[in-house]
Amino acid sequence: MEQKDIQQTVKDILTQYLMQSGMRCTPERYAILHTIYEQKLPFTVDDLYALLDEHYHVSRGTIYSALDLFVRLGLVIRHPSTSIEQYEKCYGVRDHFKQVCTHCGRVTDFRSQIVANSLATTHYTRFRPEHFAVCVYGICSKCQAKLTRQQKKFEKEKERKSAESKKRKQTIENGKQS
Ligand SMILES: [Zn+2]
């Protein structure tokens, strides 16, 4: 589906829900949804707030309640178990393969035809699968490099301290001898 069609379809899903549940079709909700579907990457509430602030003045409370609604409508997914809460559009994105850094919370994509095939041929019990999300948790290369640097610094400091204390001991020993 083309990006333009997806924008229209998600807008229609929202309108239908709002009309059925007797809620007001406020322009803010549509602006939030439109902005979300312009994003290619996962985003935080702060990211969304900053993006919207250029055109609309929408409170964080409005953004949170809109996101809750979009998650319920299957238009947005909330990435679980990261240090920062991140969301991402999901309508028209058939399969989500995500690698999640547990240190910085960065969510990136990966591909796996084997997992996709395996899930497609899985027998589901009284259930019709529509789409899926696979999250793999770990450490991104940026954080790994940072951790390695910290570890090296720590080792160096330990070495320096031990050499210093050896030297001090030696000085005391020498003092005793003279
Ligand atoms: Zn990271």
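This is a predicted model: local features need pLDDT of at least 70, side-chain atom pairs count only at pLDDT 80 or more; totals for chains, interfaces and linings use all residues.
Residues are numbered from 1 along each chain as its sequence is written.

The protein contains six helices and five strands, where helices (H or I, at least four residues) and strands (E, at least two) are DSSP runs numbered from the N terminus. Read from the N terminus, these elements follow the order α-α-α-α-β-β-β-β-α-β-α. The radius of gyration is 26 Å, well over the 16 Å that the globule rule gives for 178 residues, so the protein is more spread out than a compact globule; the radius is taken over C-alpha atoms, and the rule is 2.2 Å times the number of residues to the power 0.38. Along its principal axes, the C-alpha trace spans about 95 × 45 × 25 Å. An automatic or database domain assignment divides the protein into domain 1 (3-139) and domain 2 (148-178), and the C-alpha centres of these two domains lie 54 Å apart.

Of the 178 residues, 13% count as buried, a residue being termed buried if 20 or more other C-beta atoms lie within 10 Å of its own, exposed if 12 or fewer do, and partly exposed in between, with C-beta atoms placed from the backbone. Contacts are assigned to two residues whose C-beta atoms, placed from the backbone, lie within 7 Å. Among contacts between residues at least 6 apart in sequence, 53% join residues at least 24 apart.

The largest nonpolar core has 17 residues, of which I32, L33, I63, L67, F70, L75 and V76 touch the most other members. Such a core is a set of buried Ala, Val, Leu, Ile, Met, Phe, Trp, Tyr and Cys residues joined through C-beta atoms within 7 Å. Two or more residues of this core come from each of α1 (3-20), α2, α4 (60-72) and β1 (76-79), and α4 gives the most, with four residues. Leaving aside residues up to four places away in sequence, L33 touches V10, K11, L14, F70 and L75. By contrast, L33 and R106, which are 73 residues apart in sequence, are separated by 22 Å from C-alpha to C-alpha.

Three strands form an open sheet in the order β4-β3-β5, with mixed pairing; two strands are taken to pair if DSSP finds at least two bridges between them. Strands β4 (107-109) and β5 (132-138) stand at the edges, each with a single partner strand, so one side of each is left without a neighbour in the sheet. Neighbouring strands are turned by 30 degrees against each other on average, direction ignored, with axes fitted as lines to C-alpha atoms. Strand β3 (residues 95-101) runs parallel to β5 and is joined to that strand by seven bridges, including those that pair D95 with F132 and F97 with V134. Strands β3 and β4 run antiparallel and are joined by three bridges, one of which pairs K98 with D109. The hairpin of β3 and β4 has five residues between the strands, and in this hairpin G105 takes a positive phi near 85 degrees.

How values were computed:
Axes are lines fitted to C-alpha atoms, for helices over the stretch in contact, and angles run from 0 to 180 degrees between N-to-C directions.
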